[in-house]
Amino acid sequence: MACVKADFYQMGQIPHVVGATGGIHVSVVLPKVNEQVYRNRKNYYSINVQVVCLADQYISQVAARFPGSVHDSYIMPNCNVPQMMVSLHTERAWMVGDFGNPNLPWLFTPVRYPAMPGELRFNEAHGRTRRVIKQTFGLLKARFWALDLCRGAHLYLPYKVCQIIVACCMLPILDLRRWIQLLADDGEAAVPVAAHCDMENDEDTEEEGAADCRTELINQYFQ
């Protein structure tokens, strides 16, 4: 764990970071059942995929079972990451995510309206640290065209697409374990629950005490 924190610290000088998270939409053709829950805010059908990676682009977690209408902020609390991070947080460990994620005591998003110098410096450090997840997505799309929206929609059923996504995310991990150099560009079935359709919004979601944790970090390291 100390090595993971050290690698992330070299990126943006935010201490105790153990993961960066982000999401992508993988396109699917019009499903025959519950098609409305797969339509995302950009008006095409997709699976909303959440990935967590380490500083070396090692993918440590992937959640590929939510339809496109589900907002990013819904996925994180409903996967297996929170249980792990709550236990690690007692030892000072946290992750970085974008505005689509909920701000949690162990998951820091940028300050949406930075006003103080410390907040500006934190946002800059946050961007440098979280850049690795964007590079990881670039790697995946360059290597597996099935994940690239520009290549068109999958012709398989959503549950099969979810399996393909997980397989694509696992293959780079296996290659890294074999020390094969990868170039970076700088299953679970989908859950067709209609109640998820109203999750597409841009409002901040924040767990009680999360802002205080982020403010404490900013005051301690970025003032």
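The largest cavity is lined by T21, G22, G23, N48, V49, Q50, D72, I75, D98 and N101. This is a predicted model: local features need pLDDT of at least 70, side-chain atom pairs count only at pLDDT 80 or more, and totals for chains, interfaces and linings use all residues. Residues are numbered from 1 along each chain as its sequence is written, and side-chain values use heavy atoms, leaving out hydrogens and water.

**Cavity**
- Its volume is about 60 Å³.
- β1, β2 and α2 (72-75) each supply at least two lining residues.
- A cavity is a set of points on a 1 Å grid over the protein atoms alone where a 1.4 Å probe fits but cannot get out; lining residues have an atom within 4 Å of a point.

**Nonpolar cores**
- The largest nonpolar core has 38 residues. Those with the most contacts inside it are I14, I47, V49, F122, L140 and I165.
- α4 (117-143) is among the elements that give two or more residues to this core. α4 gives the most, with seven residues.
- Apart from it lies another core, of 16 residues, including V18, A63, V70 and I75.
- A core joins buried Ala, Val, Leu, Ile, Met, Phe, Trp, Tyr and Cys residues through side-chain atoms within 4.5 Å. Buried means under 20% relative accessible area (1.4 Å probe, protein chains only).

**Helix α6**
- A210, R214, L217 and I218 are buried in α6. They fall within an arc of 95 degrees seen down the axis, so they line one face of the helix. The arc is taken over directions from the helix axis to the C-beta atoms.
- The buried residues of α6 pack against β4, β5 (107-108) and α4.
- F122 touches R214, L217 and I218, among others. Contact means heavy atoms within 4.5 Å.

Notes. Buried < 20%, exposed > 50% of the residue type's maximum accessible area, 1.4 Å probe, protein only. Helix = DSSP H or I, 4+ residues; strand = E, 2+ residues; numbered from the N terminus. 1 Å grid on protein atoms, 1.4 Å probe; cavity = no way out; pocket = protein on both sides within 12 Å on 5 of 7 lines; lining within 4 Å. Points joined across faces, edges and corners; volume = space filled by probe spheres on them. Lists of a residue's contacts leave out its neighbours within four places in sequence.
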